[in-house]
Amino acid sequence: MSIASFPPGTRVACYPGSFDPVTNGHLDIINRASGLFDYLVVCVLHNPGKEPLFTTPERVQMLEQSCRDIPNVVVDSYDGLLVDYLQKKGIRIVIKGLRPISDFDFEFEQALMNKRLNNAVETLFMVTSTTYSYLRSSLVKELARFGSFPPGLVPVHVETKLRERFRAPERQTPLETGGSGLA
Ligand code: PNS
């Protein structure tokens with residue numbers, strides 16, 4: 001299903017995030033939210049507060065592979081403001097997962113700012129399942145960096161990507177860093 005071809009009148013929601021990488025906690029929200037709407041668009045966006053480990057195409061690919069058995073989920077990405085993406089796609093509803101305590105201030109602020117930017121946007125919060133309430137991508141990456149991969153945190157194919165990434169970290173060339181290459 002392409003994002004351009006939603007039949008008119010269908011109820012569509014957007015689940016935005018950095019998904020660096022997608023975790024089983026995200027997939028729990030995706031599974032539950034996709035049951036509430038005709039279509040759920042999972043959109044990879046840039047969080048200026050985070051330096052991503054995976055490129056946007058890599059994050060999209062991991063999401064697509066994780067969601068391939070959920071027929072009404074579409075994965076997309078956007079380089080810009082969430083409200084601009086929603087406007088372009090004609091989507092009004094934003095789904096966010098809420099973990100106990102840690103997420104509240106950040107998510108509340110974002111929801112209010114998005115509403116300030118476009119009053120038509122409504123953010124709906126879904127409480128995370130207790131199984132995943134402690135889970136976040138940055139913690140998964142921190143463990144992976146030290147060679148720890150507890151089962152059940154991410155899909156197997158995501159764990160494979162993490163293992164690859166930390167076994168052979170890419171070295172930046174002087175051209176990429178813009179430096180002279182001289183220490
Ligand atoms: O998974 P994250 O990192 O908590 O997701 C945050 C994200 C990517 C949804 C947020 O940073 C975002 O909306 N980025 C796009 C830029 C934007 O719209 N910023 C203004 C938010 S009020």
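The ligand sits in the largest pocket of this predicted model. A pocket here is an open set of points on a 1 Å grid over the protein atoms alone, where a 1.4 Å probe fits, with protein on both sides within 12 Å along at least five of seven lines. A molecule sits in a pocket if more than half of its atoms lie within 2 Å of its grid points.

Residues are numbered from 1 along each chain as its sequence is written. Because the model is predicted, local features need pLDDT of at least 70 and side-chain atom pairs pLDDT 80 or more, while totals for chains, interfaces and linings use all residues; side-chain values use heavy atoms, without hydrogens and water.

There are 13 residues around the ligand, and Ser18, His46, Asn47, Lys50 and Leu82 come nearest; a residue counts as near if one of its heavy atoms lies within 4 Å. The shell comprises five nonpolar residues, seven polar and one charged. Helix 4 (residues 104–117) gives the most to this shell, with four residues.

| Residue | Part | Distance to a ligand oxygen |
|---|---|---|
| Ser18 | side chain | 2.5 Å |
| Asn47 | side chain | 2.8 Å |
| Leu82 | backbone | 2.8 Å |

Taken alone, the ligand exposes 540 Å², of which the protein buries 86% (Shrake-Rupley method, 1.4 Å probe).

His46 lies in the loop between strand 2 (39–44) and helix 2 (56–66). Its relative accessibility is 48%, so His46 counts as partly exposed (between 20% and 50%). The C-alpha atoms of His46 and Pro16 are separated by 9.7 Å, at 30 residues apart along the chain.

Definitions and conventions: Polar contact = N/O pair within 3.5 Å; in protein donor to acceptor, adjacent residues only side chain to side chain. 1 Å grid on protein atoms, 1.4 Å probe; cavity = no way out; pocket = protein on both sides within 12 Å on 5 of 7 lines; lining within 4 Å. Helix = DSSP H or I, 4+ residues; strand = E, 2+ residues; numbered from the N terminus. Nonpolar A, V, L, I, M, F, W, Y, C, P; charged D, E, K, R; others polar. Buried < 20%, exposed > 50% of the residue type's maximum accessible area, 1.4 Å probe, protein only.
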